[in-house]
There are 2 protein chains.
Amino acid sequence: MCQLLGMNCNVPTDICFSFEGFSARGGKTDDHKDGWGIAFFEGKGCRIFMDAQSSVNSQIADFVRKYPIHSTHVIAHIRKATQGEIILENCHPFRRELWGRYWVFAHNGDLKDFDLPFMDFYEPVGNTDSEKAFCLILESLRQQFPMVKPPLEALFPILKRITDRIAKHGIFNYLLTDGEHFFAHGSTKLCYIVRKAPFAAAHLIDEDVTVDFNELTRPKDRVAVIATTPLTDNEVWTQIQPGELLTFLDGEPVKGF
Amino acid sequence: MCQLLGMNCNVPTDICFSFEGFSARGGKTDDHKDGWGIAFFEGKGCRIFMDAQSSVNSQIADFVRKYPIHSTHVIAHIRKATQGEIILENCHPFRRELWGRYWVFAHNGDLKDFDLPFMDFYEPVGNTDSEKAFCLILESLRQQFPMVKPPLEALFPILKRITDRIAKHGIFNYLLTDGEHFFAHGSTKLCYIVRKAPFAAAHLIDEDVTVDFNELTRPKDRVAVIATTPLTDNEVWTQIQPGELLTFLDGEPVKGF
């Protein structure tokens, strides 16, 4: 199994605090040490840092912990391999292009007896169940909407349908974003918190670090953090229910989806 | 205009020496300061570091200069914007998937009156002539060979044909690789050197740094370095001729292509 961390905000924000606690689980406070990765959107642009080493020992992870990159859409992953070797092409998050936008995906879980049908557009590079699932999601969206990204009302039901179909094969917690919408699907374990005014101090579970967001934010800032398990021990995190697909936009869940 | 740096080797090698000289051109010894990027293949896996800042000021570039990543296929680029804003999605190298492999591309030059035809598979995310050209190359290869990567004898003439067609629009020096074959196309300025036994010391043009490869290599190592202009002042670099498309494999140009 693996662990997921996501962030969606209404203004570009750095994820150093959350990533510090999260990346400690990659070999220090937990044993997800078979690689890690993190994707940052900046506008339509997207960059990914990754390593097949554990996030605790990776010098690149060390750099990411210390270097604040401001982004509105972030997806991070630490891997405990269940399917696929411990090599770079099997590290999450994965990225492909659809409708002239980059899409980024990371998965926590395990899919059994999951084979891809014939695919017109997308093909996995590595050999994980996760990358297969990502390719099938994009393929399904593209078959349904060949030319341009549809409005969320049209996109959401198709995404939900293919998600439900894939989820029949096992555990399928995932994060997915194109730098505009941010999707989080709960299967067994995924939770979130929305930080907004009035801001308070937060204390990490995995490291003895406290940040007072009141000192770092402006009144209109809004930040949603999504993670496999809570990252802080003095805040209330909301569980995403099994089978629930949430859409985050500008730092909070979109109502009605 | 921009500058290109590529490396293809028969054993994973770090590019720190060449990148040190090359990245100095991103604002110190030359004025290519509108972003930079570098892609490393490790097997079929590929990671890209990039920044819309100059390579001289970028903390990420500083990290890459110091942290040796061993790779057999590397493409780096420093940008001096001619088309497209100075934003992350316009930074090279670009990456897409074709035939279950990542393909990476960087371009030096300027293409005029270059519009894409209708595309089935690939669409640019940014708005540079370079990403358009990359998408058209992959589209052409995929239309010709829909299912699997063909042998080099079949792939090369199709790549050459689409390259010639695009090159009619202006200056089109490029580097392209899928982690197996490494292509370098000369239009105005591109040169290369193959380092193999007996190895000697090399001295950078852009920084006063010397490396004695004799101390760092084994007798069977072979490394081709491709760059817009020579990076060292005590070695003989070979110019790639205008219109010439070279294929590198295991650290040297493949004969007969």
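Is Asp178(B) buried or exposed? In this predicted model, in which local features need pLDDT of at least 70 and side-chain atom pairs count only at pLDDT 80 or more, Asp178(B) counts as buried because its relative accessibility is 1% (buried means under 20% relative accessible area, exposed over 50%, partly exposed in between, with a 1.4 Å probe and protein chains only). Residues are numbered from 1 along each chain as its sequence is written, and side-chain values use heavy atoms, with hydrogens and water left out.

Asp178(B) sits in the loop between strand S7 (170-177) and strand S8 (182-185) of chain B; strands are DSSP runs (E) of at least two residues and helices runs (H or I) of at least four, numbered from the N terminus. Its contacts (heavy atoms within 4.5 Å) include Phe41(B), Trp103(B) and Lys149(B). The side chain of Asp178(B) also makes a polar contact with that of Arg101(B) at 3.2 Å (a pair of N or O atoms within 3.5 Å; within protein, one must be able to donate a hydrogen and the other to accept it, and residues adjacent in sequence count only if both atoms are side-chain atoms).

An open sheet of 7 strands in chain B has the order S3-S2-S4-S1-S12-S9-S13, with antiparallel pairing; two strands pair if DSSP finds at least two bridges between them. Strands S2 (residues 36-42) and S4 (residues 71-78) of chain B are joined by 6 bridges, and Trp36(B) stands opposite Ile78(B) in S4(B).

How values were computed. Chains lettered and ligands numbered in written order. Lists of a residue's contacts leave out its neighbours within four places in sequence.
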